[in-house]
Amino acid sequence: MGKMMRFYSILGWLAVAYMAALFLYPLLKVVYTSVWVNGGFTLGNYVKIFSTDLYSKVLLKTLWVSVLSTLIALFIGYTLAYFIATRPAHKQGFWLMLIISPMFMSLTIRLFGWMILLSKEGPLARVWEGAFGGGELSLLFSQTAVVIGIVHFVLPFVVLNIYTSLNRLEPSLLEASTMLGASRLRTFWQITFPLSLPGVFAGSSIAFALAASTFLVPIMVGGPADTLLANMAYNSIVTIGNLGMGAALSFVLLVIIVAVLLVMGRLERRGHIAS
């Protein structure tokens, strides 16, 4: 027993060392780079982010796109998860595999598919032209395309979290509600939905974090006007060579995501207690 305890203790310390070397040190380096410019301490990069229209607009646009994508993914994800959870048990695995199967393919390849689908020569544009005449439809390189790409990216994570919560529901509660005369709609709103909130909050947390930090989606399906904060941080470091501003943008993005995750984590714990 003593040897096993020492073995797991060593493994634990190795994990701590791994996190310190590969997560904590780079994070501290980012913070240091953002506030130590030309050999001196300054908060100028952060002041510039919140006082310059260019950075403020990109920050607000990142938040807007992230929130909108999360809400759309939640709506679609809840519908899909509820559909799967109400199928016979032996068929649920098939539907789940269908939902998560895109995750087995590279996001780059999937976004190439969306580029074809949303372009003005794509099938959507042809259907639009056939239905409404000469008006040209091209969603590619727009904010709509970015939202569609992000929803496609985060949807499997949302479905899995909500499905897990729905699958844990006690069937006897739903049967009792029906026996007491409640309609299916009333049973859903007063029993099913409240008890599935932990999955909703967990799915929302993951969806928002992935949406706010996405880098590839705006590059491939968004236009130059739809740059998000992660792209701006990359351009500041790689294209312009301003390490301090790139580090400051990255840290601001991290703080926003962590703040949202803390709020959603608190709501998720309340949901667990309530259920």
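**View 1. Ile10 is exposed, with a relative accessible area of 52%.** Exposed means over 50% relative accessible area, buried under 20%, and partly exposed in between (1.4 Å probe, protein chains only). The model is predicted: local features need pLDDT of at least 70, side-chain atom pairs count only at pLDDT 80 or more, and totals for chains, interfaces and linings use all residues. Residues are numbered from 1 along each chain as its sequence is written, and side-chain values use heavy atoms, without hydrogens and water. Ile10 sits in helix 1 (residues 2-35). Helices are DSSP runs (H or I) of at least four residues, numbered from the N terminus.

**View 2. A nonpolar patch lies on the surface.** Its members are Met4, Phe7, Tyr8, Ile10, Leu11 and Leu14. Together they have about 620 Å² of accessible area. Patch residues have over 30% relative accessible area and no salt bridge, and nonpolar side chains are joined within 5 Å.

**View 3. Phe7 and Tyr8 form an edge-to-face aromatic pair.** The structure holds 13 aromatic pairs. In this one, the centres are 5.5 Å apart, with 65 degrees between the planes. Rings pair if their centres lie within 6.5 Å; planes under 30 degrees apart count as stacked, over 60 as edge-to-face and the rest as tilted. Phe7 is partly exposed, at 44% relative accessible area.

**View 4. Phe188 and Phe193 form a tilted aromatic pair.** Their centres are 6.2 Å apart, and the planes make 40 degrees. Phe188 is buried, at 16% relative accessibility. Phe193 is partly exposed, at 26%.

Definitions and conventions:
Patches are made of residues with over 30% relative accessible area and no salt bridge: like charges are joined within 9 Å, nonpolar side chains (Val, Leu, Ile, Met, Phe, Trp, Tyr) within 5 Å. Accessible areas come from the Shrake-Rupley method with a 1.4 Å probe; for residues, only the protein chains shown count as cover. A salt bridge is a side-chain nitrogen of Lys or Arg within 4 Å of a carboxyl oxygen of Asp or Glu. Helices (H or I, at least four residues) and strands (E, at least two) are DSSP runs, numbered from the N terminus. Rings of Phe, Tyr and Trp (its six-membered ring) pair if their centres lie within 6.5 Å; planes under 30 degrees apart count as stacked, over 60 as edge-to-face and the rest as tilted.
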